[in-house]
Amino acid sequence: MSEMIKPDYIFESSWEVCNKVGGIYTVLSTRARTLQQQFGNGLLFIGPDFDTPNPDFEEDRKLFADWRKAAGRDEALRVRIGRWTVHGNPLVVLVDFKPFFPERDMLYYSMWESFGVDSSHAYGDYDESCIFAYAAAKVIRHFYQYHHLENKNVVAHFHEWTTGMGALYLQKHLPAVATVFTTHASVTGRAIAGNGKPLYGYLDGYNGDQMAFELHVESKHSLEKQTAHHADCFTTVSEITAAECRQLLEKAPDVITPNGFEFDFVPAAGEPYAEKRRQARRALLRVVGKLSGSTIRPDAFLVAVSGRYEYRNKGIDVFIDVMNTLRRSDAWEGETVAFVMVPAWVCAPRADLKKALDDDVETTEPMQAPFLTHWLQRMDEDRVTDFIRHAGFTNAASEKVKIIFVPCYIDGKDGIFDKTYYDLLTGMDCTVFPSYYEPWGYTPMESIAFGIPTVTTDLAGFGLWAKAAAGAGGSIDGGVAVMHRTDDNYAELIDNISACLCAMTRKSEAEKNAIAQNCRNLAAKAQWSHFITFCHEAYATALKKAKDRMQKNLR
């Protein structure tokens, strides 16, 4: 597209604006600065307002004060306006969507009548998400009309099925606004993978509507599918997810918009980074020492998996199996600590562990459940703890591989580490993300940005990108080892990851330093300053379609 139309205003709506739930928060918060530099106050994020203290949001009652009053008077919109406290500090509007619940049935009927969205099988978070999307669209519509933006190029970008009704509402009630809809992971594809069904080898044989019915996600699938078909520009984040969309949604993406990253979070190279790494390792090893009742060597090999608690999709089962294989292997030497950093249903930080840390109590025997930093609700039903026990990990001093489950958000106030995830990531020697279902994969991208080599798979969008972009073609020497994974090569995958980690432990200090630099070099290629061009292509595609629609309506 040689002459791309550029937007004057971008409204970006997501359930994860100022609301950290998963990877979409990282997508939007890291690219905010790049977009802010390009569009200034023409960029407005819209998120849900839960009317609770929010460290991500800084209210400024002077911003758009007249419009805020008018929105309340004209549309009963209760909004707070301020800045998102991320790099770039973009404008953000938080909208209280709860007052619009009485309009739910009218909204659902309208969506069925106009677009064929079937909400009759809705349950769980469907209502809450759709009412927020409706409120967000009303915010955009009123802002547009109040500020007379008829002669401006305006884009409304909606993320995931959770905001699909917002895009459709604008298509019907404000067709001059160009809509972009991004699905980061298809509803039905995630459900197929999460329910243990083979996704990739059988993808061509799946019917999305039938599988959504079978897996009880009919309403979410219907909303996602119709939004993909009716939005002015439909995007997804990788070719691997694009293939899902073509088959399950019967709609190919108009543009693929890979996820980027920013280096703002990474400590400066040299002594600042080295000191952060020393602090992280001390904190990690101290907790492990208290839990296991033993002194962990300062040069122990530290490896981690992290992310959303999707046991099979994220490859958590593979990670534990790899550690169990290495624990029993004669080829594995030295001392290793494996960390599973995945938020689960936390009850509280362990009081016995916290006391041992606070009072520096020496422990000489493994604690009860010596692999767990926080107590869990219904711990007997937790899959990670169950697998760790079943595998036979004891974390005794004699065990050369110890495993630690950190089942909480590592946000600096977890009660045990009291450091952020990025602070602890700096202390790792390697990370492993052996995903089965991963449309992109922010966790391995974050890892290499911090100079930590990572292992991922070719079923992750980032893995495919890294394999193509890395000079070493997907080996650990280039910073990212990309393992081939299929529906049925689980055992082979375990062996290959185990061999890769063995090779990593045998690297010299000079080789490790070279790998760390390769990590940073590769991460630099994935910065938003490079990937933002795909977003511009999506905006231009949507704007052209909206302009063509309006011209056709005038005839």
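Mentor: Let us start with the contacts of Val-180, where contact means heavy atoms within 4.5 Å. Not counting residues up to four places away in sequence, Val-180 touches Val-155, Ala-156, His-157, Phe-158, Cys-233, Thr-235, Ala-538, Tyr-539 and Ala-542. This is a predicted model, in which local features need pLDDT of at least 70 and side-chain atom pairs count only at pLDDT 80 or more, while totals for chains, interfaces and linings use all residues. Residues are numbered from 1 along each chain as its sequence is written, and side-chain values use heavy atoms, with hydrogens and water left out.

Trainee: In which strand is the place of Val-180?

Mentor: Helices (H or I, at least four residues) and strands (E, at least two) are DSSP runs, numbered from the N terminus. On that numbering, Val-180 has its place in strand 7.

Trainee: How many of the residues of strand 7 are buried?

Mentor: Ala-178, Val-180 and Thr-182 point one way from the strand, while Thr-179, Phe-181 and Thr-183 point the other way, and all are buried. Strand 7 is thus mostly covered, and the count of buried residues is 6 of 6.

Trainee: Over how many bridges do strand 7 and strand 8 pair?

Mentor: Two strands pair if DSSP finds at least two bridges between them. On one side, strand 6 (residues 154-159) pairs with strand 7 in the parallel sense over 5 bridges, and His-159 stands opposite Thr-182. Thr-182 also stands opposite Thr-235 in strand 8. Strand 7 (residues 178-183) and strand 8 (residues 233-236) pair in the parallel sense, and the number of bridges is 4.

Trainee: Which strands stand at the edges of the sheet?

Mentor: The open sheet has 9 strands with mixed pairing, in the order 3-4-5-2-1-6-7-8-9. Each edge strand has a single partner strand, so one side of each is left without a neighbour in the sheet; the two are strand 3 (57-59) and strand 9 (255-256).

Trainee: How many residues does the largest nonpolar core have?

Mentor: A nonpolar core is a set of buried Ala, Val, Leu, Ile, Met, Phe, Trp, Tyr and Cys residues joined through side-chain atoms within 4.5 Å. In the largest one, the residues with the most contacts inside it are Met-323, Phe-339, Val-340, Val-455 and Leu-501, and its size is 122 residues. The largest share of this core, 9 residues, comes from helix 19 (residues 528-554).

Trainee: How many residues are in the second, separate core?

Mentor: Ile-81, Phe-158, Trp-161 and Leu-170 are included in this separate core, whose count is 69 residues.

Trainee: Which helix gives the most to the lining of the second largest pocket?

Mentor: On a 1 Å grid over the protein atoms alone, a pocket is an open set of points with protein on both sides within 12 Å along at least five of seven lines, a cavity is a set where a 1.4 Å probe fits but cannot get out, and lining residues have an atom within 4 Å of a point. The second largest pocket is lined by 27 residues, of which Arg-277, Phe-301, Asp-429, Glu-509 and Lys-512 lie nearest its centre. Helix 10 (271-292), helix 17 (490-505) and helix 18 (509-524) each supply at least two lining residues. With 5 residues, the one that gives the most is helix 18.

Trainee: How much space lies in the largest cavity?

Mentor: The structure holds 4 cavities of 30 Å³ or more, a volume being the space filled by probe spheres set on grid points joined across faces, edges and corners. The lining of the largest cavity includes His-121, Tyr-126 and Lys-220, and its largest share, 3 residues, comes from helix 8 (residues 218-230). The space in the largest cavity is about 40 Å³.

Trainee: Is His-142 buried or exposed?

Mentor: His-142 has its place in helix 4 (residues 126-146), and its contacts beyond four places in sequence include Trp-67, Asp-74 and Leu-77. Its relative accessibility is 6%, so His-142 counts as buried.

Note on methods: Buried < 20%, exposed > 50% of the residue type's maximum accessible area, 1.4 Å probe, protein only.
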